[in-house]
Amino acid sequence: MALRNSAILLINCPDAKGLVASVSGFLFKHGANILSTDEHRDDASDQFFMRLEWDLADFGLGPEEFAREFNADVGLRFRMQWRLEYSNRPLRVAIFVSKYLHCLADLLHRHKTGEMPAEIKLIISNHEDARPEAGFYGIPYLYTPFEGGDKLKIEAAQMEALERNSVDLIVLARYMQVLSPAFVARYPGRIINVHHSFLPAFSGAKPYHAAFARGVKLIGATAHYVTEILDDGPIIDQEVSRVSHRDQLDDLIQKGRDAERLVLSRAVRWHLDHRILLYGSKTVVFD
């Protein structure tokens with residue numbers, strides 16, 4: 001899939017009159033052809049959120065010039081927090097995985113078919129199970145077993161590999177290790193995890209077995225950014241599936257894994273497309 005030659009501006013700031021007109025006018029003044037715009041106002045916090053994408057063909061500002069001119073003309077006046085991204089610069093991704101490979105396989109296939117415009121730089125795992133998949137897709141594989149090892153040293157080796165490959169985004173595709181606070185702090189808003197949700201009473205290694213034993217009627221999965229508090233980061237997307245007494249354990253596992261695949265792939269794609277704004281413990285996901 002060909003990459004668009006466009007720029008993306010993500011904004012959040014206190015709501016005020018003239019915001020949209022001021023931003024649009026600034027872009028028009030410098031030759032931008034706006035391709036899409038999306039806005040949201042949060043009534044509880046009186047915050048305004050905006051995503052604009054425009055064609056760079058006739059745009060007159062480079063990144064440094066944009067920062068200087070935009071702040072002087074618009075940003076400081078409206079007390080904006082903003083960031084500028086470019087669609088023709090694909091993000092560099094590392095995927096962490098353990099023994100369950102369904103999410104990894106889905107991401108690799110979507111990347112191969114052009115659904116995910118990114119550079120998958122490496123796969124990191126505490127098991128050898130995913131090495132054949134990495135070899136098939138020609139992606140470097142880093143094996144970092146934890147059994148009997150020093151966790152901080154192992155994470156240091158992982159972070160060294162991430163820095164060496166200039167990784168922008170880490171995807172935990174059913175990675176069954178808890179990242180240390182130091183690791184998480186190094187990549188704020190850049191680690192996406194997937195886990196089973198709507199099963200809050202069924203923690204542990206076999207949540208679907210426990211859910212089956214209780215006869216649940218709804219299962220699902222959640223994709224979220226990782227924070228120091230386990231499974232408590234800002235939610236990006238959720239997927240649910242209804243089940244009934246006719247569903248056996250294998251059916252629950254299959255439906256749960258389908259939900260995990262879907263929710264993780266959507267969250268990763270939205271991050272790669274620069275469609276997510278973080279604020280507090282929440283996210284705004286632009287269409």
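Colleague: Is Cys103 buried or exposed?

Modeller: A residue is called buried under 20% relative accessible area, exposed over 50% and partly exposed in between, with a 1.4 Å probe and protein chains only; Cys103, at 1% relative accessibility, counts as buried, and Cys13 is likewise buried, with a relative accessible area of 1%. This is a predicted model, in which local features need pLDDT of at least 70 and side-chain atom pairs count only at pLDDT 80 or more, while totals for chains, interfaces and linings use all residues. Residues are numbered from 1 along each chain as its sequence is written, and side-chain values use heavy atoms, with hydrogens and water left out.

Colleague: How many disulfides does the structure hold?

Modeller: A disulfide is a covalent bond between the sulfur atoms of two cysteines. With the criterion of a pair of cysteine sulfur atoms within 2.5 Å, the structure holds 0 disulfides.

Colleague: Which residues of helix α1 are buried?

Modeller: Helices (H or I, at least four residues) and strands (E, at least two) are DSSP runs, numbered from the N terminus. In α1, residues 19-29, the buried ones are Leu19, Ser22, Val23, Phe26 and Leu27. Seen down the axis, they fall within an arc of 130°, taken from the directions from the helix axis to the C-beta atoms, so they line one face of the helix. Ala21, Phe28 and Lys29, on the other side of α1, are exposed.

Colleague: What covers the buried residues of α1?

Modeller: Counting contact as heavy atoms within 4.5 Å, the cover includes the strands β1 (6-14), β2 (33-42) and β3 (47-55), together with α2 (63-75). Just after α1, Gly31 takes a positive phi of about 90°.
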